[in-house]
Amino acid sequence: MTVKIPTRFEHILGDDRLSSTPLIVRVIADMKKFEILRRTTEIQGGGILAFLSGSSGCGKTTSVWSASINMSDRFEQVVTVPSTVPLREINIWLEAHIPNRTSKSLLVLMDGREASDDTIGLRQFMASLNQFLRGRPDVIVCWPTTSDDWKKELISIARTVGGNSLTPASADVTISGPAKTSWNDVLERLFIQLDQRLEDLGMDANYISLAVDENSTVGDFLGAVRDAIAARVDLVQISQDLPEILFVVTSTSSVVGESNRLRRAGTMILKAEELVGYSPRSESGKWWQERNQSPQHHLAYVISLFRAKLVTMTPSSVVYSIASYGPEDMREALKEKGVGKSPTNADTTFQSTDFSKFINGSGMNELTSTTKGRTSDSILAGYSFIQSSSSKRHKVINQAICALAEKNVPDFAAGMGRFEVDLGDQDTYADAVIALGDRELHLEFHHLSDAHCRAASIAAYIMKKLRVYSNHYNITPR
């Protein structure tokens, strides 16, 4: 699991995981400067070229979008000139892409253009822009800069070409950006959208406070957090060669709803607080509560390191996998209960499971627990037989399930996988280690009876297994 923290607003705009509007912190002093720019265009009856200066990462680009969003009664949505458009072709681009005039002002953002030695091209651009803006008093072109010398050069050329009307005194704008007191709020808003918490990343509030103190802009602050996440999660995963763990829990149809209490929609990643909350008095629950006192040993952090997820299989998918791929004696026992081999039923029932959706990459954007249809008595009897056999026939049951999984998802290379893999410590085994495309999954299967299909039982089992893995890989003290 890679947690990517954007450090620039343009990164947010290009990230499908994030909605930009909730991430904007309104800076009143900066908003007043954009209102002054708008009124300047009204007074002089023509558009202007404004230069936004400030340290890299202070929020210059964000301020343009903030004005558009927070003063939407006065500004249209921002139009961004792609940085790939050559300087001498920007005016052609503007003519083709600027929408018709409305009653509101239009902010046009020219980002990613810090310097150019094309003086002639600059003059040509300024001359053409001046002509364009004379007929568009609603347009405010915003050019962020970090270099005062470069900004002075640009203003000089602009005023030589178009006088003070192209770039009036009010168009030389210094952006303040959000105050340090709001940086933690910015990070919290990002974490909400990324479905992350500090505990997931091995951090605590003290680290965030220190990062705020040690950095001068919100962009640098977010960069420091990003680097810390990489050091705590990604680099630890790589240096210690940590596996990705997938828990597969099977039971009657209620297994889906019970498991939903313990995992996140979409990613299926386990939720640490819920695991402990549902089984606080179990031995493993008590053990993790003690470890949770340290950010480096917190259950949420361990889940992140192992990218630990939870998927489920309902009884029909398990029964048909054994009927198709199980040992002969188990297949015969299922026939006596009224369930025979059926490739169609095996594929259909497996494809409906979230285990299937996870390994085929279709994902689960939302968690549902509604049981569709009634499970037949023969299927329930067949599953009960398989579950009661799992203590002695665990390996062959898992092999049959994985064989059906591979038939439906060829990238899931069960035929080349290993089962009951000794991890090196006494009585420490992975149920299966199987390649899925270019990555390897450690699968842990848990077959529950209907009587034990409860979130508490599932949580206790998962926490016990995560304790084994974290001890084996020296993540937590024993």
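**Exercise 1.** State which strands helix α3 lies across and at what angle it runs to β3.

*Solution.* Step 1: Helix α3 covers residues 60-70; helices (H or I, at least four residues) and strands (E, at least two) are DSSP runs, numbered from the N terminus. Step 2: Helix α3 lies across β1 (48-53), β2, β3 and β4. Step 3: Its angle to β3 is about 160°, on a scale from 0 to 180 degrees between N-to-C directions, with axes fitted to C-alpha atoms, for helices over the stretch in contact (heavy atoms within 4.5 Å).

The model is predicted: local features need pLDDT of at least 70, side-chain atom pairs count only at pLDDT 80 or more, and totals for chains, interfaces and linings use all residues. Residues are numbered from 1 along each chain as its sequence is written, and side-chain values use heavy atoms, with hydrogens and water left out.

**Exercise 2.** Give the strand order of the sheet and find its edges.

*Solution.* Step 1: The order in this open, parallel sheet of five strands is β2-β3-β4-β1-β5; two strands pair if DSSP finds at least two bridges between them. Step 2: β2 (79-80) and β5 (172-174) each pair on one side only, which makes them the edge strands. Step 3: Between β3 (residues 106-109) and β4 (residues 139-145) there are four bridges, and Leu-106 stands opposite Val-139 in β4.

**Exercise 3.** Decide whether Thr-476 is buried or exposed, and list its side-chain polar contacts.

*Solution.* Step 1: Thr-476 follows α19 (455-472), in the next segment. Step 2: Thr-476 counts as buried because its relative accessibility is 7%; buried means under 20% relative accessible area, exposed over 50%, partly exposed in between (1.4 Å probe, protein chains only). Step 3: The side chain of Thr-476 makes polar contacts with those of Ser-470 at 2.9 Å and Asn-471 at 3.1 Å. A polar contact is a pair of N or O atoms within 3.5 Å; within protein, one must be able to donate a hydrogen and the other to accept it, and residues adjacent in sequence count only if both atoms are side-chain atoms.
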